[in-house]
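Q: Before we start, could you show me the model and then take me through its features one at a time?

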Amino acid sequence: MDDAHAAVDEHVDLAARIDALLPVAVEVAQAVIGSYEQGGRVYTFGNGGSAADSLHFAEELVARFRRERRPLAAQSLAADPTVLTCIANDFDFDDLFARQVRAFAREGDVVIGFTTSGRSPNVVNALAVAREMGALTVVFGGGAGMPAAEHADLALVVPSDSTARVQEMHVLLLHIVLDQVDRWAAS
């Protein structure tokens, strides 16, 4: 039971400390909205639990978050197992998302990487490629956020090295972003 209380205490403490990230979350929402207003798309990706967060983010844009509204163009690059296994097998796991970014992303799109450590090579590489291509890059990171944050125009870096706590804050932050995008799309 002490572990459960410690987890809740750690969660609450960290949630109180992410106030500093709220202005960045608003910037991310505005960037997504701006991209959509110009005919852009959103691409997301990550590994493991971060892949699940990338899927969650994209599906909420395509379907809806809280409001009835039109569908928005979004795709998680972690979703297609045939593409993922082909790239990992025929090329390199570190190219998993960068190769897809090259195939799909265009100037003016928003490319969002999720990495709880900030060090996932395939996320870092994809953000670097997206930036080179003229897409706006966003990272949902943790710890110090590096080196992924070096390749992000906007960085939501949760100040924790606990994967579980970082993922919990990523869900809160992505819901904050989605709520604003949802409101815009429903108007």
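Q: Which residues does L61 touch, leaving out those up to four places away in sequence?
A: The model is a predicted one. With residues up to four places away in sequence left out, L61 is in contact with Y36, V42, R69, P71, L72, A74, L178 and V181.

Q: Where do such contacts belong in the wider picture?
A: In soluble globular proteins, nonpolar side chains tend to be buried together. Here the largest nonpolar core has 35 residues, and those touching the most other members are Y36, V42, F57, L61, F140 and V181. At least two residues of this core come from each of α2, α3 (49–62), β3, β4, β5 (154–158) and α7. The most come from α7, which gives 9 residues. Another core, of 25 residues, lies apart from it; L84, L96, V124 and A152 are among its members.

Q: In what order do the strands of the open sheet run, and is the pairing parallel or antiparallel?
A: Strands of a sheet pair through backbone hydrogen bonds, either parallel or antiparallel. In this model 5 strands make an open sheet, ordered β2-β1-β3-β4-β5, with parallel pairing. At the edges are β2 (74–76) and β5, each of which pairs on one side only. On average, neighbouring strands are turned by 15° against each other, direction ignored. Between β4 and β5 there are 5 bridges in the parallel sense; V139 has A155 in β5 as its bridge partner.

Q: Which strands does α3 touch where it packs on the sheet?
A: Helix α3 touches β1 (42–46), β2, β3 and β4, and its direction makes about 160° with that of β1.

Q: How should I read the aromatic pairs?
A: A pair of aromatic rings is described by the distance of the centres and the angle of the planes. The count here is 6 aromatic pairs. One of them joins Y36 and W184, stacked at 6.3 Å centre to centre with 5° between the planes. Because Y36 lies in helix α2 (residues 22–37) and W184 in helix α7 (residues 163–186), this pair ties together parts that are 148 residues apart in sequence. Y36 has 11% relative accessibility, so Y36 counts as buried.

Q: How far apart are the centres of F114 and F140, and what is the angle between the planes?
A: That pair is stacked, at 4.5 Å centre to centre and 20° between the planes. F114 is in strand β3 (residues 110–115) and F140 in strand β4 (residues 136–142), so the pair links parts 26 residues apart in sequence. Both F114 and F140 are buried. Together with F57 they form one aromatic cluster.

Q: Which ring does the charged end of R70 sit over?
A: R70 has its charged end over the ring of W184, 4.7 Å from the ring's centre. Likewise, R99 lies over the face of F91, at 4.0 Å from the ring centre.

Notes. Residues numbered from 1 in each chain as written. Predicted model: local features only at pLDDT ≥ 70, side-chain atom pairs only at ≥ 80, totals over all residues. Heavy atoms only, no water. Phe/Tyr/Trp six-rings, centres within 6.5 Å; stacked < 30°, edge-to-face > 60°. Helix = DSSP H or I, 4+ residues; strand = E, 2+ residues; numbered from the N terminus. Buried < 20%, exposed > 50% of the residue type's maximum accessible area, 1.4 Å probe, protein only. Lys NZ or Arg CZ within 6 Å of the ring centre and 35° of its normal. Core = buried A, V, L, I, M, F, W, Y, C linked by side-chain atoms within 4.5 Å. Contact = heavy atoms within 4.5 Å. Pairing = 2+ DSSP bridges. Axes fitted to C-alpha atoms, helices over the stretch in contact; angles between N-to-C directions.
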